[in-house]
Amino acid sequence: MSGLPRGDDGSAIVEFSYLGVLLLLPLVYAILTGLAVQRSAYAVTAATREAGRVFVSEGAQGAAYDDAFLAARVAMRDQGLDLEPGELEITCQFADCATAGALVHVRIDRDVPLPLLPAFGQSTPSVAVHGRHDEVVDCFASAAAAPPEGETSCG
């Protein structure tokens, strides 16, 4: 009787294949999602850092914002992403951004769309990613303005 095939011979390979695909697809999707979020997080972090450095090194005057935006855009493109003009936000501690010892705050907020998911209504499922960098205006820069009365930002 050992020579006769049984009814479930060969079904283990079929079950293994189905279970492998069912378990592998969510794992691959989770990896793709994690990589997309990590790529965007790294991009906005690098972009805010570079924008802050350029803004402060140019004395925070004239075309400093435009040059900071270009630096941030290059950093974002290094990760295959683009930076829209309204996404880069630069604020200063004092009214004059070139005040010696003042903090310049650079921020980028963006939503990372989840891969392979369609839009539901008017919104696409996404994860919010924030990048923030604070840069200090050099106290000894030739273009630095004196701090306001009563402020001791350079000590």
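View 1. Three strands sit side by side in the order β1-β2-β3, making an open sheet with antiparallel pairing. At the edges are β1 and β3 (126-136), and each of these pairs on one side only. Step from one strand to the next and the twist averages 20°. Keep in mind as you look around that this is a predicted model.

**View 2. Zoom in on β2 and β3.** These two strands pair in the antiparallel sense, and 11 bridges link them. As a general point, the strands of a sheet pair through backbone hydrogen bonds, in either a parallel or an antiparallel way.

**View 3. Now bring in the helices.** Helix α1 packs on the sheet and touches β1, β2 and β3. The direction of α1 makes about 25° with that of β3. Helix α2, for its part, lies across β1 and β2 and runs at about 135° to β1.

**View 4. Look inside, at the nonpolar core.** The largest nonpolar core is made of 27 residues. If you want landmarks, go for the ones with the most contacts inside this core: Phe55, Met76, Leu83, Leu88, Ile90 and Val104. Two or more core residues come from each of α1 (11-57), α2 (64-77), β1 (88-92) and β2 (103-113). Helix α1 gives the largest share, with eight residues.

**View 5. Stay in the core and centre on Leu83.** Leu83 is one of the residues with the most contacts inside the core. What does Leu83 touch, leaving out residues up to four places away in sequence? The list is Phe69, Ala72, Arg73, Met76, Leu88 and Ile108. Two of these neighbours, Met76 and Leu88, are also among the core residues with the most contacts.

**View 6. Step back to the whole chain.** Counting up the elements gives two helices and three strands. Follow the protein chain from the N terminus and they come in the order α-α-β-β-β. How much of the chain is buried? Of its 155 residues, 29% count as buried. Among contacts in the chain with a separation of 6 or more, 59% are between residues 24 or more positions apart.

Key: Residues numbered from 1 in each chain as written. Predicted model: local features only at pLDDT ≥ 70, side-chain atom pairs only at ≥ 80, totals over all residues. Heavy atoms only, no water. Core = buried A, V, L, I, M, F, W, Y, C linked by side-chain atoms within 4.5 Å. Buried < 20%, exposed > 50% of the residue type's maximum accessible area, 1.4 Å probe, protein only. Helix = DSSP H or I, 4+ residues; strand = E, 2+ residues; numbered from the N terminus. Contact = heavy atoms within 4.5 Å. Pairing = 2+ DSSP bridges. Axes fitted to C-alpha atoms, helices over the stretch in contact; angles between N-to-C directions.
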